[in-house]
Every structure is written in structure tokens, then in C-alpha cells.
Amino acid sequence: RNWTQIFPADTDYLNIQGDEQSTSSDDDRFIATKSNSDILVLHEGKPGLYRDSPGLLKSIAVSDEGIVIAGFEISGPGLGVVLILNSFDLSDSKSESVWMSEYGTGVDITPDSSMIAIGSPKERTVYTYSLGENGSFEKEHKIKHYDTTSE
């Protein structure tokens, strides 16, 4: 089901109803909700909406500073795309990383926005990145899982 926006009378605040995936920053000032490929971000009750997704939204995380990490699957070419967004300006992504199918299936970000983790199950790998001052991907590190008991 999709989320529904309800503005209570005489307020600027938003009540969200639905059962789609939601996450919040550690300090609970930011809430990010995904529905299909849209991202709704709430900052102290004020909504922002990102609709320019490159594919099906698979995962989402938000930091205490309002930086959103979103993982998408593009089915045609079979690619995974991870975007870095700023909650205060959702009109454009700050940076993006494109890799193989399932890249971005799981994402996370530290509360201070200094590091992100991106899961890539098909490779059995987690990528960690430091984030640059301008919100770009920097200093990649791969953590590969070697499991001799499975195929």
C-alpha cells in the first residue's frame, strides 16, 4: 500500500498512514518513508518529496544531519544505483554510485553523515564509503563475505 498524506486542520504538520518502509535519524528529527520509488522526508513535521528516482526504491537511511541514502534497482539493464540526497533540497541528488544488480539492496549512514554502508548481496559484499564535504562518495572499502558452505 502507498502512504497517505493527511494535513490536520489549522496546522502545517503531516500525519502519514500506511505500511511502507520508514526509517528515522538517531535523534528522530528526520523521518524518511519510501513508497514504490518516491521518498517522503519529514523534518520536524515539514514534508519534502523526492520523485525523480532512477528505478525501484529498495532501501533508505537518513542521518541526524538530514542526509538521505537511497538504494534503487533498475530492472532493464539490471543495475543498482545509490543516491545521496539532502533533506533540505530534494530536487537533485548530491552524488550517485552505479554498480551491478542488487547493489544498494541495503544502505545505512552514520548519525554524523561521515560514513555510509551499501550492501551488494549478489557479490556477498558490503561497501563502506567516507562522505566528502560536498556529499560525494570517497574512500571506498569492500568487506567481502566468504562462505565455503554455500554456493
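Hi everyone, let me start with the strand definition: strands (E, at least two residues) and helices (H or I, at least four) are DSSP runs, numbered from the N terminus. Keep in mind that this is a predicted model, where local features need pLDDT of at least 70, side-chain atom pairs count only at pLDDT 80 or more, and totals for chains, interfaces and linings use all residues. Residues are numbered from 1 along each chain as its sequence is written, and side-chain values use heavy atoms, leaving out hydrogens and water.

So, the overall picture. The chain has zero helices and 14 strands. Of its 151 residues, 42% are buried, where buried means under 20% relative accessible area, exposed over 50%, and partly exposed in between, with a 1.4 Å probe and protein chains only.

Now to two residues I'd like to show you. D112 sits in the loop between β11 (107-109) and β12 (115-120). Is D112 buried or partly exposed? It is partly exposed, because its relative accessibility is 45%. The D112 side chain makes polar contacts with the side chains of T110 at 2.8 Å and S114 at 2.7 Å. By polar contact I mean a pair of N or O atoms within 3.5 Å; within protein, one must be able to donate a hydrogen and the other to accept it, and residues adjacent in sequence count only if both atoms are side-chain atoms. D64 is 48 residues from D112 in sequence, yet their C-alpha atoms are 6.2 Å apart.

My other pick is T33, in strand β4 (residues 30-35). T33 counts as buried because its relative accessible area is 3%, and its side chain has a polar contact of 3.0 Å with that of S22.
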